[in-house]
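Let's take a walk through this protein together, one stop at a time. Keep the structure open beside you and look up each spot as we reach it.

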Amino acid sequence: MKKKTNTVLRLLLIPVLLISIFAGIPAQAHAETDLGLTVDAAILIDADSGKILYEQNADTSLGIASMTKMMTEFLLLDAIDAGTVKWDQEYHVTDYTYRMSQNRALSNVPLRRDGTYTIRELYEAMAIYSANAATVAIAETIAGSETEFLKLMNKKAEELGLEGYKFVNATGLNNADLFGMHPSGTGPEDENVMPAKSVAKLAYHLLKDHPKVLETSKIAKKKFREGTEDEIQMSNWNFMLPGLVYEYEGVDGLKTGTTNFAGHCFTGTAERNGTRLIAVVMKAVDAKGQGSYEARFDATAKLFNYGFSQFSKQEILPANYTFKGQKTVKVTKGKEDKVAIAVKEPISFMIKSSDKDLYKPTLVLDKKSLEADVKKDTVVGKVVIERTEGTDYGFIDGKDISSDVVTTKAVERASGISLFFQGVGNFFGNLWGGITDFVGGLF
């Protein structure tokens, strides 16, 4: 009898199990992507629009090491554009930069105590070889001292809308490596930190404002002070560049970083078929949990492979799109009593091909009526695109996916006589409406 009861129970459980299995299928179909990255944080964005394609622990502040130098590059290139610093301007070595430059373990080109160097030479040493003394030399040139340069770094970070950052020097080294000459107001063992999302935003704006930075960051090898007795070979630490050990098609920047605290980090960018991506990986480790050059470039390659293979720029909403049920807005005092409205600019961004139908438009009207004269392309609201299912990471600058909704033609103001009769008509229309409401209330 007991055996028979168990059999019945098992049969009754079969439908429950089937329902559980099939109920789980849709959730699996839209599960979050896991790229299997062995990193503390990562992010991938479209360099054109700033659309975030993937992120992993991207809001946690972590060590950034020499990725810091992207900020120093930014401020130098700003100063070059403003004319306050010139490429052929000469820098005279200080005790600080001389002493630092003699420590080749810190990634440096050795500077002579009594030497002078052009800003271009120092910039190339920083961007290609991650030379730390050259970086401090640039900071001193721009602001007078590294301490004052920190103020400019913080000001620029605020201007760009970076979050979770802390700058304690211009290079990304640990302050313990600065011979007790670290910037005033910072701790003797402090190190720069920033979340992956802010690092990506910094790189995004650097490429937007100064795309020529890639002309230097893509140089795999160059001789410093070529033709002099100080000549040394500078090899780019970005081993994903063409001709280097972890070469990846399309890579032409941007900045590596390595310290004991930050681990192996990289902000990389690559372009293929007109699409440029920016990837950030932080504290990458291999299968054994050890940080290495290979680990950070392997993680970056996975991000690039995912972005280039799974995403494409697609038009979500065309220009002149009209909304069913709201094709016009009311016009008062015009020759016409309404005007057609439509989406002004098309909305396109990078998404997975399979996700296109998951994005739907929502009309947000700021003006439900207009008074004539009404000009063509008068903004009456906007259309916002929202994802109906799954996760959308948004844009690196936090903007909406939207476009203005505008009038598609002009409506002239009615003549004086027409406005008179409109007023009469409105008066009697309102009067009749009031009488109708009154009579209706009696019954």
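The unreviewed UniProt entry gives the annotation "active site" to Ser66, Lys69 and Ser130; UniProt positions are given in the numbering used here, feature names are shortened, and such annotations may be inferred rather than shown by experiment. These residues are spread over 65 residues of sequence, yet they cluster in space, with a largest C-alpha distance of 7.8 Å. From this set, Ser130 belongs to the lining of the largest cavity. (On a 1 Å grid over the protein atoms alone, a cavity is a set of points where a 1.4 Å probe fits but cannot get out, and lining residues have an atom within 4 Å of a point.)

Before going on, a word on what you're looking at. This is a predicted model, where local features need pLDDT of at least 70, side-chain atom pairs count only at pLDDT 80 or more, and totals for chains, interfaces and linings use all residues. Residues are numbered from 1 along each chain as its sequence is written, and side-chain values use heavy atoms, with hydrogens and water left out.

Now zoom in on Lys69, which sits in helix α2 (residues 69-82). Helices (H or I, at least four residues) and strands (E, at least two) are DSSP runs, numbered from the N terminus. Is Lys69 buried or exposed? Lys69 is buried, because its relative accessible area is 0%; buried means under 20%, exposed over 50%, and partly exposed in between, using a 1.4 Å probe and protein chains only. Leaving aside neighbours within four places in sequence, Lys69 is in contact (heavy atoms within 4.5 Å) with residues including Ser130, Asn132 and Lys255.

Ser130 is in the loop between α4 (119-129) and α5 (132-143), and Ser130 is buried too, at 4%. Not counting residues up to four places away in sequence, Ser130 touches Ser66, Lys69, Ser107, Ala125, Trp237 and Lys255. The side chains of Ser130 and Lys69 also make a polar contact at 3.3 Å. (That's a pair of N or O atoms within 3.5 Å; within protein, one must be able to donate a hydrogen and the other to accept it, and residues adjacent in sequence count only if both atoms are side-chain atoms.)

Next stop: a sheet. Strands of a sheet pair through backbone hydrogen bonds, either parallel or antiparallel. Here you'll find an open sheet of six strands with mixed pairing, in the order β16-β18-β19-β14-β13-β17. Two strands pair if DSSP finds at least two bridges between them. β16 (359-365) and β17 (369-371) each have a single partner strand, so one side of each is left without a neighbour in the sheet. Seven bridges join β16 to the antiparallel strand β18 (residues 379-387), and Thr362 has Val384 in β18 as its bridge partner.

Most residues other than glycine have a negative phi, and most peptide bonds are trans. The peptide bond from Gly253 to Leu254 is cis, with omega near 25 degrees, and Leu254 is in strand β9 (residues 251-259). The bond from Ala372 to Asp373 is cis as well, with omega near 5 degrees. Asp377 is partly exposed, with a relative accessible area of 36%.

How values were computed:
1 Å grid on protein atoms, 1.4 Å probe; cavity = no way out; pocket = protein on both sides within 12 Å on 5 of 7 lines; lining within 4 Å.
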